[in-house]
Every structure is written in C-alpha cells, then in structure tokens.
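Dear colleague,

I am handing over a structure that is new to you, and below it I set out what was found in it. Please keep it open beside this email as you read.

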Amino acid sequence: MNANNAIVLLIALPLFSSAILLLSGRKSDKWGHLLATAVSATTFVIGVYEFFQMHSRPSTDRPLTQKLFEWISVGGFQVDASLLLDQLSICFVLLITGVGTLIHIYSIEYMSHDHNRRRFFAYLNLFIAAMLLLVLGDSYLNLYVGWEGVGLASYLLIGFWNQKPAYATAAKKAFVANRVGDVGLSLAIMIAFTQFGTVTFAGVKAGAPHASPAALTALGAMLLLAAAGKSAQFPLQSWLGDAMAGPTPVSALIHAATMVTAGVYLITRSNFVFDASPTAQAMVVTVGAITLLFGAIIGTAKDDIKKALAASTMSQIGYMILATGLGPIGYAFAILHLLTHGFFKAGMFLGAGSVMHGMDDEVNMRRYGGLAKAMPITAVTFSLGYLAILGVPPFAGFYSKDKIIETALNAGGAKGILLGGATLLGAAITAFYMTRVIVLTFTGAKRWDSKAHPHESPILMWLPMAILAIGSVASGFLLSSGSALVNWLQPIVNAGHHEHNEELLKPAVVSSLALGLVLVGVLTAVFKYRTVPVDAPTKVSIFTTAARKDLYQDSFNEAVLMHPGQKLTTGLVYTDEQVIDGTVRGVGSSLSIISTAMRKIQNGYVRSYALVMVLGVLALVTTIWLVTL
Amino acid sequence: MDISNYLYLSAALFTIGAVGVVVRRNAIVVFMCVELMLNAANLAFVTFSRLNGNLDGQVASFFTMVVAACEVVIGLAIIVTIFRSRRSASVDDASLLKR
Amino acid sequence: MSIVTILGLIPLLGAVLVAVLPKANEKLTKQVALATSLVVALGSIWLAYKFNGSDGNFQFVESHQWIKNFNINYAVGIDGISLTLIVMTAILVPIVFLAGWNESEGGRWSVKTFYILLLTLETMMIGVFAATDVFLFYVIFEAMLIPVYFLIGGYGRGERAAAAMKFLMYSLFGGLLMLAAVIGVYIISTNQNGGTFDVTALSHLTIDKPTQNWLFLGFFIAFAIKAPLWPFHTWLPAAAKSATAGTSTLLLGVLDKIGTYGMIRFCMTLFPDATKTFTPIIIVLAVISILYGAFLAIGQKDINSLIAFTSISHFGFITLGIFAMTSQGISGASFYMVNHGFSTAALFLVAGWMIKRRDSSQISDFGGLQRVTPVMAWSFFLAGMSALALPGLSSFISEFLVLVGTFTKYPLAAILGTTGIVLAALYVLIVVQRTLHGETTPGNENLTDLTVREKVAIAPVIAILVILGFFPKPVLHVINPTTAVVMEHAGATDPIAKAGK
C-alpha cells in the first residue's frame, strides 16, 4: 500500500459500504452492522498507518496530495477532485475514524432492538465518508461537498425516527440552519474565485497577502457564517438542541465530537484569511465569546440530559471558535481542545445513552437520581469525562481549556480582559451545569418510578465508553507534553510565529483562578441540588425561564424569520393567483365580455339584418356623396 | 314630361319596398316587397338607359328579371317548406341563425 | 442525409408504424413505441460518440432547399449545447414511456393516438434543437404546440381542457411576437445580403440599435414565456397540475428548455447589442424568478404545482447564468438544462406514481410513505435532493457554476440567488416531511411500492444524476467550446479569465 494512494480509500470504503447497505435492502440486515463497523475500523487502521508514515517524514514533506480526476473545468474555473492529507487533516482523520469506530461498536448494541439498524449503520458510514471528504478535500469546493454531505447524513440521522413529527421537524430545522451556513460557504468560494482565480487552499493562501482588506474581511465573514451554521454558533445555534432527537450515538459522533467541530476546522484551515484580516478575527472572537456564554447559560436550565450536553457542546465549541480568532497560537489550542473535547464529550454522550438504555429511554434528569449504584461503569466513565470538561488537572480539559483562557487573557488590552473574563465566567458556569448533571443523574435519592429497572449496559456499550474515558484522562497530557500538537501543526497554522503580548497574568495564576471559579461552580451546584423535585418547578426566576427557552432564540427566529416568511409566502401565493394570473384571466374574460355583447346583434331576425343592411347602404351612399361633394 | 320623375318614382318604390321588408313579418309580403325593390331598380335602369341613349340599362334590367325569377322560385320553395314544417309564414319565427 | 436527420425521422416512422397497428392490441402499440424510442436513444449516444467535442461550431450540417422564393432551407446542424439537449431528450422519452406505461389509458382518445402524438413530439423536439434555419425553427416551435395541446387536453386529469387552452394561448401569443421578429430579421437580411434565414449568416448582420431592441424583445418574450420567466409563468403550474406525469416531464424537462436554448442560440447570437441593453432587466427578472418560484413552491398544496414552481425557480438560475455572459454562467446554464431535465423527470415521475396510487395530488393526503413504500420514498427523496442541488448530484455543479459565473460580474444578483438555496431546502424538505415522514396517515397504509418496471424507469435517471455529479467532464467538455463561440459572437469576455495558481 502506498501512503499516497491510500487516502482515497478513507472516503471510498465507507461510501461504498453505505451504498451496499442501502441498496441491498433487508437482505443485509443480518450482517450490515458488522460490515459497517469493519469498514469504519479499516479506515481507522488506514488513518493510523498514514499518521505513522507522515510522522516518519521530515516536516516539510509531510503533506500528501492525491489528485483523483479533473472535476469541474469551465473557463478559468478549474477544480480537481483532489485530496490533501496534511498535519491538520490527519488529526481529524484519526478523531473521526477512531471515535467513529467506537461509536459503531457501541451502536451495535444500542440499536439492536431497532429493526432498521442496517439503515442506521448505512447512514453512519455515509457520515464517515462525507466527514472525511470534508477534512481531506484540497479546495473549498471539495470541502463543500463533504460539508453538505455531513449535513445530509446529520439530517437523515436526526430524523432516523422520523415517524415522530417532532423528530422530522428537528431534522428539517438542522438542515435548513445548516443551509444558511452553506450560503456563507458558497459565497466564500465565489469571493475566493473572483479574488484569486482559484478555490484551492494553496491558491488562496498564496493570494491572500495581495488581496484587498475588504475582500479578505468579506471572505472571512462568509467563512464565519458557514462555520456558525455547521458548528451551532450564535446566531445559528438553535438547531443543535433539537438535533438531540437523533439516536444517542449520533449525538455523540456527529453533534459532539466531529461534525459540529467542522466550523473550527474551516476557520483553522483558512487561517491565512483570518490572520490577514483583524476585522474578521474580531468577528470570530465575538461569535465565540457570545456562544460560549450562551450555551453555558442554556445548559444550566435543561432537564433533558442530552439537551444539557448539547448546550455544553455549543459552549465548548464557542471556546474553540474564540481560540481560532486569537491568531496563530490560538489555532493549535483550538484543535487541541477540539480533540480532547471529542473524547470527553463523546464519552459523556455515550454515558447518557447508556443511562437512557438502562432507564427505558427516559431523558429527564429529574427522574434519575442515585444511578451510580446501578450503573457503576457508566458513572465512572461519565465522571472522568466530567472532570475533563471542568479542566481539573491532570485531565484532558485542563491542558486545552486553560490554554484557551490563558491566550484569551493575553490577547492584550480591553479585548484580553473581556475575552478572558468571558472564558473564565464560562468555565464557572460549565462547572455548575456539569455538576448539576452529575448530581441529578448519579447521586442523591432515586427518583425513578417502580417500572424502571436501571441496569449496567453490556460490554459492547461500556467498552467504547471506557476507551473514551481513558482518552479524557490522558489525551490532554499526551498532546501537549512538549507542545507536541503545537509543533505538529506549526507548518499549517504558523503557530511558531507568536507575537508576544505582555502577559496579563502568569499561567499559574490563570490556572488557579480558573480552578477557583470551577470550585465555586461545583459547590453552588452541589448545594443547590441537595434535593431535587421530580417535576420541574414552575415558579422560577425570569433567568431560568429564559434559559429553559434557549434564551428565546427560537422565539426570535419564529417572530423575525418564520412568521414573516410564512406571511410572505401566503401573500405571494395569493398575488400569483389573483394579480398575475388574474391579469391573464382578466384579458381572457374581458374578451369574452366583448364578444357576448357583440353577439347580441346577431338576433336571428331577418328583418333586423335587413334594416342593418339598409342603414349600412344609406351610410355608405351618404359618405360617398359627402366625400365627392 | 321631365325624365327625372321616373327616378323619383323608382326611389319611392324602392323605399316602400325596403320599409316593407323591414316592418312586415309575413314572408310572402316580405317577398313581394323584395320584388318591389327589384322592380324599382329595373325602372331606374331603364330610365338611365333612356337618358344615356344606349341599351346597357335595358340589358341590365333583363338580367335583374332573370335573377328575380330564379329568386322567386327558390324563395317561394323555401317559404313553402318552412310553412310546412312550422305552420307559419312569419319571418320572425325562423330565427334559427341566432343559435 | 446526415445522422441528425435520420435520428429525427426514426420517431416519425415509429409513429406511422403505430398508426397502422391494430387498435385493439394496446400492448403491441406500447412495445413498438418503446422500441422506437430506445433506438433513438441509442442513436443519440452514437451521435454523441461521433461528435467532435473540441469544435464549438455546427457539425453534421445538412441543408436542402425548401421554399425557394424566400430562401428557406431545411437546414440542420448541432453544436455542443444542442447535442447535450438532444441526447437528454432521446434518453428521457423511453423513460417516460416506461414510467407511464398505463397513463395513456382512460384518456379522451385511444392509446394509439397517445403514442402517435408522443412520437411525433419527439421528432419535433430533436428537430427544434437541430434547426439552424430560423424559419424552420419557428415552424417546429409552433407545430410542437399541437401534440402537447392534445396530450394535456386529452389525457390529463382535472381541469385539463382549460390548462391545455391556457398553455396554447400563452405559447401562441409568444409565437406571434417571434414570427413578427423573424420576418423583421428576414427583411433586414434582404437589404444586406439578399435574404436568408440561416442563423450563422444572420448573426453577421449589422442592425441599428432601436431595431435590434424590438427584434430582440420579439424573440425574448417568446422564449421567456416558454422558459418560463416571471411574470410569464402562470401557464406552467396549471399545465403541470393537469398533464400526465410523462407529459409534464417532457413539457418541463424538454420543451421549456427551448426557451432558454433559444435565448442562447438566437437572442444572444443575433442581437448582441440589444442583449447588452436588456441584460440588467433580465438579470433582475431572473433573480425574481429564483426567489419568487421558491417562495411559491413553499406555499403550494399540490405536489405537481410545487414541482412546477421549483422549475420556475430553476429556470431563473438558468436565465441568470445565460445573461451573466461569462463562460461559467453559460456553460453552467447549459449543463443546468440537462440536469434539470433529469431532475424534474425524477420528481414528476415519482410524484406521478404517488398520485396514481393515492388518487390525489394534494400533499396533505399523503403521510408516512417511507414506512409503507420505502423505494418510492427514497426515489422521491433523491429527486428532491437533486432539486435542492445537493453536492454530489449533478444539479449542484450546474447551479454552482451559474452562481460563480454570475458573481464575477453581478455580485449582488449572485448573492440574492444564493439565498435561494435556503429556500430550496425549505420547499424540498417541507414536502418530504409531509409526504414521507410522520406516522402513516389513513388512506396510505396499503399503497404498493414501485414495481420492477417503475424501478427500471427511475434507476437510470438517478444514476445519471449521481454519475454526472462526480464526472461532469464529458458533458462540460462538449459544452465549453460552444460556450466560447457564443461568447465570441456576443462580444463578451470573462472577468476572471485565467486559472490562478
């Protein structure tokens, strides 16, 4: 196997496997899930092989490209179907195939009672293929194919149980919100082509230094819009909570570990655009900061365990987006956090799935309580993920999140204080809502009714959780020891080129400050949730109500976009029928009115015809007479 | 006698015929009025023939007479058939053209 | 005789053959018709194989004197754009026959008449794309109305007579304007080079600006009605609602393309100055069409009229691409015509099966089909994905090319057009959700899934959409040189000419 030619296998294998499973129908019900899992594992093996191959080469020779075929070629618009495997994409390949395989294994058991399990695995494989294409494409247009491909897979998986109207609606909402982002990506590609005459990453990178600041800002803004759509960032974040309608493994893979982080990938990949446009960077950090607080606040009020985790995902991606706006060093930390987050959040989602599995698909945390005894493995793996997201040393989040907080604080001036403050505040709120999840689910008195029989999940389910938990513990240390990841990514994101601002606070101080705030958050939650009513209290503060309603984002969208849109549609339908078609019909009916009137002259009476004839002759004679006179 | 008096007579006859065609309902009377108009025309032809001193007008009046004869034959046949089928010789009853 | 003429005559011979077959044997009639159309399809592929893709001018040229006094010739010849459209037509007809195997029954006239009409129509469809004589083009353009009128009025459903009349009136109105313009062009050519209807010779005329404007409008309005462009579109939903699925497919998939094809072939080639004058207005109309069609599609209650409105939106894209006058725009628009043909075919045919099974075309009568008829549901879903231009399907490439080509010259129009992709997601996903998702609603429990015949009919369409999505090269390779010729005639150049490094 040649390292260069194997890249396409990463995409082709899951794509074909997905097609086989979908086309073969019920015949493959028996072995479909096994094929899909095997294929996913194979891609992981290829990914690992590629990684070691890459690692063995000197840093300048590491990127590989594989040109597949000439895709689109019209005039100056030339796009090849071509793949690029470099230091950045290999990180994602390993994350996607690794976590993806674990989740395939988990799903074999989790979905075993669903008689459409084969279809589920076909979608999962389709997702893997599309996601790999997203990170492996060497141009924005190739990326776009994967970008929409994951959107499609996400749509299909969220709506996997689309016999429930609410789930089907959630899937549609996700797709439409993503499409709004896609408008951004489309326009970004158009701007790139108009400015640089090419849409490859390399071409845009080469042209970026010569482009006008306005063009770069526009390009950056459009890329940010794309990222916001895919990564559930403000103001396009509202679909993520609803997306939890999908089966839990989907939430873990797509809506926590991989697809939603595609926005971070996009911005990191386009670092040359953002580095050249401070305005675009300012937009990025603003969106990141807003979303990280937004998500965290929503997370504090959700009783649905998956929605609480979804809000947390939104908030954590906010951290990553914020980091990507902080210049060269920020990208590396964003990717670092993305990878550690991939481990701990996927682990926690699988934990949540395990709890639901044991509790007859109950998602309301108020009906859990004291589950640690019934599900010890789930409780332990979940707690490890919990410690990681809190940023407790030496768990993974400590290495990644603290770095982001630190970089934000050191961004300089008022910007640094604002961003740093936001990240610190976010850390405290994160500690609060995650502790709330733990307390409500695993500790305290049991609040479930007698019908539920919570039990630990089988090995196929807890094994992936355990592996991810190990990742939550160790990944942060491994990836940042000796700045491993930063150095690895250095050629891509220029991280070494680090302009030293004056340090606002020493790293140790930042860490202590963050830990102190986390402790405050934890203690508040523990104190507040000593006793938990089974039904959510209705008399709550205005803030809780707002957080429960996702800070009114849905209401806003409905009021500002949906209702006027519906009115416009109804109005246009009416206009079309009445005004435009009405004009046409009006011409027709006025003609028929005229002819009806004319027809009355033809009354059938010979005498009146004769009279008309006589009068006519008279008139004619008179005219001639008058004229000749 | 002034020759124009013949023309006045012709015009008067024509007018009477035309009015008759328009106001009478009985097909036979309408028919007779049509004949009256034709004869008025004939009279005018002959008058002009005399006035111009050639025979063209007289020839034309012969043509008219032939046409009138043919018309009478066909017209009367139609009237008789209509009368047979509808027991009426009123032209207003035969208003099928309306439909 | 050139291969184009032979190709065009085969369906006509088939029609004659069908005419002499016994009336009682309907099955034989259908088989003969299908066999004829398959021969044409194979022939068209042979034609494509013989075609020299790197030459942008007319090939397989043939000319015979027809009416000597006015120098009217039977002149045919094809270039890249007409070739792709002819191949698309030839492939669509057998699919339509196969998909609507029984839709000829229960019409006002016999099964035999139905196939005679369709085969005659196929001859005309090939002829209209091959004609290089403006008068010949005009004659076929108008003559096509006759079979379509009878196909809608005789075999449709609902208010078919009214719909057929509306279609006829609109088309005749446009046709008359075009006739006036054709005569006008001829008179000018009599003064300059002795009178001709040959499109290449006519493109070298020097016409003063005001005259050009009027002649341009004569052609353009005829084509805008055919295409149809807002606000000349209201005949389309009515026709689509009433026609059979097969007729709708050919009507929107092929006949409407004559409008956009005519814009490239006649409006731009014959009247380059007027084209420049009217471009801003047309761009505005195209953008309105895109958004208007999409909004109306969202608001429709009838599946067929929904598809018709999506087509209005798509024709907006095609027109936008054409009048952007960049090679991406024109090539993209030409490719869009092909893709739209197949994508609409998929939508109409599957919708037709759904309607036939449920005996209703109201969206609200369907629900939860995915659980009852999975294959049909998947086919509809994929057709819908093609309508919203999902990357990986061919319609994405053409839509993107159109937008990119437009953006380089008219950024604002491209931005507005791009927002259409959000609306596209809405109009597709709303109908998908209402018909396929949710609990299976009463009346839908016993619907049967696609038969083998229907699967055979839809499979090639979907295969083409997917294959061209990944390998559009064969088609683009044929279209590009023709685009270059068109651009040269129109005196347009690309703002982004060279590929950057």
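In which helix of chain A is Ile297(A) found? Ile297(A) lies in helix 13 of chain A, which covers residues 278-299; helices here are DSSP runs of H or I with at least four residues and strands are runs of E with at least two, both numbered from the N terminus.

Before going further, please note that this is a predicted model, in which local features need pLDDT of at least 70 and side-chain atom pairs count only at pLDDT 80 or more, while totals for chains, interfaces and linings use all residues. Residues are numbered from 1 along each chain as its sequence is written, and chains are lettered from A and ligands numbered from 1 in the order in which they are written.

**Chain A**

Ile297(A) is buried, with 21 other C-beta atoms within 10 Å; a residue counts as buried if 20 or more other C-beta atoms lie within 10 Å of its own, as exposed if 12 or fewer do, and as partly exposed in between, with C-beta atoms placed from the backbone. Leaving aside residues up to four places away in sequence, Ile297(A) touches Ile429(A), Ala547(A) and Leu551(A), where a contact requires that the C-beta atoms of two residues, placed from the backbone, lie within 7 Å. Ile297(A) and Ala546(A) are 249 residues apart in sequence, yet their C-alpha atoms are 9.3 Å apart in space.

Chain A as a whole has 25 helices and two strands, and buried residues make up 56% of its 629 residues. Taken along the principal axes, its C-alpha atoms fill a box of roughly 120 × 65 × 60 Å. Of the contacts in chain A between residues at least 6 apart in sequence, 81% join residues at least 24 apart.

**Chain C**

Chain C has 20 helices and two strands. Its radius of gyration is 22 Å, close to the 23 Å that the globule rule gives for 501 residues, so chain C is as compact as a globular protein of that length; the radius is taken over C-alpha atoms, and the rule is 2.2 Å times the number of residues to the power 0.38. The C-alpha trace of chain C spans about 70 × 55 × 40 Å along its principal axes, and 63% of the 501 residues count as buried.

Helix 2 (residues 26-50) and helix 4 (residues 111-130) of chain C have axes that come within 9 Å and cross at roughly 10°, the axes being lines fitted to C-alpha atoms over the stretch in contact and the angles running from 0 to 180 degrees between N-to-C directions. That makes helix 2 of chain C roughly parallel to helix 4 of chain C, since angles under 35 degrees count as roughly parallel, over 145 as roughly antiparallel, 65 to 115 as roughly perpendicular and the rest as oblique. Among the residues that meet there are Ala33(C) and Val40(C) from helix 2 of chain C, and Tyr115(C) and Leu119(C) from helix 4 of chain C.

Helix 10 (residues 235-242) and helix 13 (residues 303-324) of chain C pack at an angle of about 140°, with their axes 8 Å apart, which makes helix 10 of chain C oblique to helix 13 of chain C. The contact of these two helices has seven nonpolar, three polar and one charged residues, where Ala, Val, Leu, Ile, Met, Phe, Trp, Tyr, Cys and Pro count as nonpolar, Asp, Glu, Lys and Arg as charged, and the others, Gly among them, as polar.

**Between the chains**

Which of the two pairs of chains in contact shares the most contacts? Chains A and C do, with 45 residues from chain A and 46 residues from chain C taking part. Helix 6 of chain A gives the largest share of the side of chain A that touches chain C, 15 residues, and that side divides into 22 nonpolar, 16 polar and seven charged residues.

Nine residues of chain B are in contact with nine residues of chain A. The axes of helix 25 (residues 606-628) of chain A and helix 1 (residues 4-23) of chain B come within 7 Å and cross at roughly 145°, and their contact is made by Arg607(A), Ala610(A), Leu611(A) and Val614(A) together with Ala18(B), Val21(B) and Val22(B). No contact joins chain B and chain C, whose closest C-alpha atoms lie 24 Å apart.

With kind regards
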